Amino acid sequence: MQPYLWGIPSYSIMASIGLFAMMLALYFRCEDLSFKEFLAMMLFMAVGVGIGSKFLFVLTKLPKIVDNFSIVKTIHIIIESGFVFYGGLFGAVAGLCIFAKAFKKEVKNILDAVSIGFAIFHAFGRIGCFMAGCCYGVESDWGFPMLHSPEVLRIPVQLIESICLVGILLVILSAEKYVRGRKYSFYIYLGMYAVCRFVIEFFRGDAVRGIWWRFSTSQWISLFILLMFALHMIKHSIIYGVGRSGNKS
């Protein structure tokens, strides 16, 4: 059971603050959307988060589901399962893509505008995780005791990740102001978070993350994202190099 503040689960409080801060920030960033379009965008994104985060968590439980498989047990696992951030992120992206298609908006522009919202909400959410004692770090000589094991100190990976997310937010805002506007905001967020999450996973102490060949599910996803970035950069550099060569000739 997680701790309560004012009779409300502490994680719920931080998640609600994060949601409000995200919506406030996105409302002013998405100035080209009408209020109804903005509400529709948030709805599509929320549905995507719910479906995606549950779906990916269930995937991490496949061995348990397959073992003595039954429909009742599978439904119970789905209902009782938690949420996986990457699943929620990809679900949100899918929801935003559907929204953009339905309302005839440019997908890239929507993702770039919403990118800071992901960082804002997630930063508050990780503080909520710390307060609730979930997503905890490994045992250490320094740190904080968690609710489920108050007798040991653990590395506060939740707070470290929250600080990383604030750093990512500041980098995005700085790049938008001093470099090329919002052109690369979503890429900056996705790439920086993939690096952050890959490293932090080594210091996670909870065992519900799914471990596949020494790496967690989130680490494999982070590696896949970084691989896609590398291939994109190589492709872009080749095309750019060919273009420059053609111009010289």
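A disulfide is a pair of cysteine sulfur atoms within 2.5 Å. The structure holds zero disulfides. This is a predicted model, in which local features need pLDDT of at least 70 and side-chain atom pairs count only at pLDDT 80 or more, while totals for chains, interfaces and linings use all residues. Residues are numbered from 1 along each chain as its sequence is written, and side-chain values use heavy atoms, leaving out hydrogens and water.

**Cysteines**
- The sulfur of Cys129 lies 3.7 Å from the closest cysteine sulfur, in Cys134, which is too far for a bond.
- Cys129 is buried, at 4% relative accessible area (buried is under 20%, exposed over 50%, partly exposed in between, with a 1.4 Å probe and protein chains only).
- Cys97 counts as partly exposed because its relative accessibility is 30%.

**Helix H7**
- Helix H7 covers residues 157-180 (helices are DSSP runs of H or I with at least four residues, strands are E runs of at least two, and both are numbered from the N terminus).
- Its 24 residues should span 34 Å at 1.5 Å a residue, and the end C-alpha atoms, 32 Å apart, agree with this (the expected span is 1.5 Å times one less than the number of residues).
- Among the buried residues of H7 are Leu165, Ile168, Leu169 and Ile172.
- The buried residues of H7 pack against helix H1 (10-29), helix H6 (107-132), strand E3 (139-146) and helix H8 (185-201).
- Gly181 follows H7 and has a positive phi, near 65 degrees.

Definitions and conventions
Contact means heavy atoms within 4.5 Å.
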